[in-house]
Amino acid sequence: MPTEKTGRGVVLKHSTGCTAEVLFYGATVVSWKVSDASAELKERLFVSSKASLDGSKPVRGGIPVVFPCFGQPSHPDHSKLAQHGFARSQTWNFDSVVMDNEAGVSIRLVLDPTGNEAISAIYPKSFKLTYVVTLAAHQLSTDLHVENTSPSETLEFQALLHNYIRAPADDVVVTPLQGLQFYDKTESTEHPRTNPKVENRHEVDVKRYTDAVYENGPMKYRVTWPTGGVEIKARNFKDVVIWNPQEKGHMIGDMESDGWKNYICVEPGYVRGFEKLGPQKAWIGQQVLTVIQD
Ligand code: BG6
């Protein structure tokens with residue numbers, strides 16, 4: 001069976017043996033396993049062993065979906081929202097199996113706020129979200145479709161895919177970010193959002209506490225370490241966030257002990273400014289993660 005529904009989500013299985021698991025809660029991908037060179041199935045995402053997977057709070061790990069605001073809300077339409085919005089803390093509905101063949105296996109989940117009072121109380125907008133997760137050999141694609149279902153109003157939003165890539169944090173580097181303008185959220189200056197820096201490093205590491213929002217990136221990144229890596233290719237996600245809390249991870253309640261040593265967050269998104277989607281229009285933000293052979 002290439003897809004298997006469980007109580008909490010869907011498991012995707014590809015003929016090559018690789019697997020992925022998507023929770024209904026938050027449409028969070030919580031596992032992506034691909035074989036390494038010695039044919040051993042290896043987990044490629046990090047999920048904290050202290051993460052709650054029962055829908056009581058956003059999952060600390062995997063690929064949470066951030067919508068319609070990134071970080072603390074800064075748009076008047078988002079004033080009632082929590083950090084990173086509500087998509088990651090709502091239960092999505094299974095829609096269908098989109099594809100099931102040698103090339104890949106793919107499912108679609110939907111978050112439709114119609115009749116959902118928890119959403120309309122904090123975000124009374126007309127929209128619909130669809131998330132398509134596709135598993136292929138060595139590849140995982142996740143596509144977020146945003147539809148503005150209003151006949152007259154523009155929908156202004158941010159969106160981001162918060163990838164926790166399993167990697168040795170002290171040895172991992174991300175390229176190519178050199179020359180990009182970025183906003184350093186680790187600085188206690190009052191307005192890091194309006195005080196950009198320029199990245200001068202050829203290879204960006206997270207050996208120190210890092211929380212950086214890069215603007216207008218190339219949408220193709222290599223996340224590598226001495227024994228492996230992942231390529232991330234994005235579409236319509238013009239920005240990218242690099243985050244690792246290092247020792248500050250102690251302060252995160254659902255972070256396992258030393259968990260920050262085992263991942264890097266590389267998060268393609270549209271987070272500087274807002275995507276302005278006209279009435280009855282649709283937008284797709286996409287990413288493809290590919291294992292660089294290890
Ligand atoms: C990153 C942000 O995307 O997410 C960080 O840039 C934030 O500032 C991190 O700390 C984790 O956020 P949360 O809400 O999942 O703890």
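Gln83 touches Gly71 and Gln72, leaving aside residues up to four places away in sequence. This is a predicted model, and Gln83 sits there in the loop between β6 (65–66) and β7 (93–100). Gln83 also belongs to a "binding site" annotation in an unreviewed UniProt entry, together with Arg60 and Arg88. Those residues span 29 residues in sequence, yet no two of their C-alpha atoms are more than 13.7 Å apart, so they gather at one spot.

**Gln83 and Arg88: buried or exposed?**
- Gln83 has 12 C-beta neighbours inside 10 Å, and therefore counts as exposed.
- Arg88 counts as buried, because 22 C-beta neighbours lie inside 10 Å; the cut-off for buried is 20 or more.

**Where Arg88 sits**
- Like Gln83, Arg88 is found in the loop between β6 and β7.
- Beyond residues up to four places away in sequence, Arg88 touches Gly26, Thr28, Pro58, Pro64, Val65 and Val66.
- Of these contacts, Val65 and Val66 take us to β6, which covers 65–66.

**Around the ligand**
- Which residues are around the ligand? They are Pro58, Gly71, Gln83, His84, His162, Lys185, Asp211, Val241, Trp243 and Glu267.
- By class, this shell is made up of three nonpolar, four polar and three charged residues.

Note on methods
Residues numbered from 1 in each chain as written. Predicted model: local features only at pLDDT ≥ 70, side-chain atom pairs only at ≥ 80, totals over all residues. UniProt positions renumbered as here; feature names shortened; annotations may be inferred. Helix = DSSP H or I, 4+ residues; strand = E, 2+ residues; numbered from the N terminus. Contact = placed C-beta atoms within 7 Å. Near = placed C-beta within 6 Å. Nonpolar A, V, L, I, M, F, W, Y, C, P; charged D, E, K, R; others polar.
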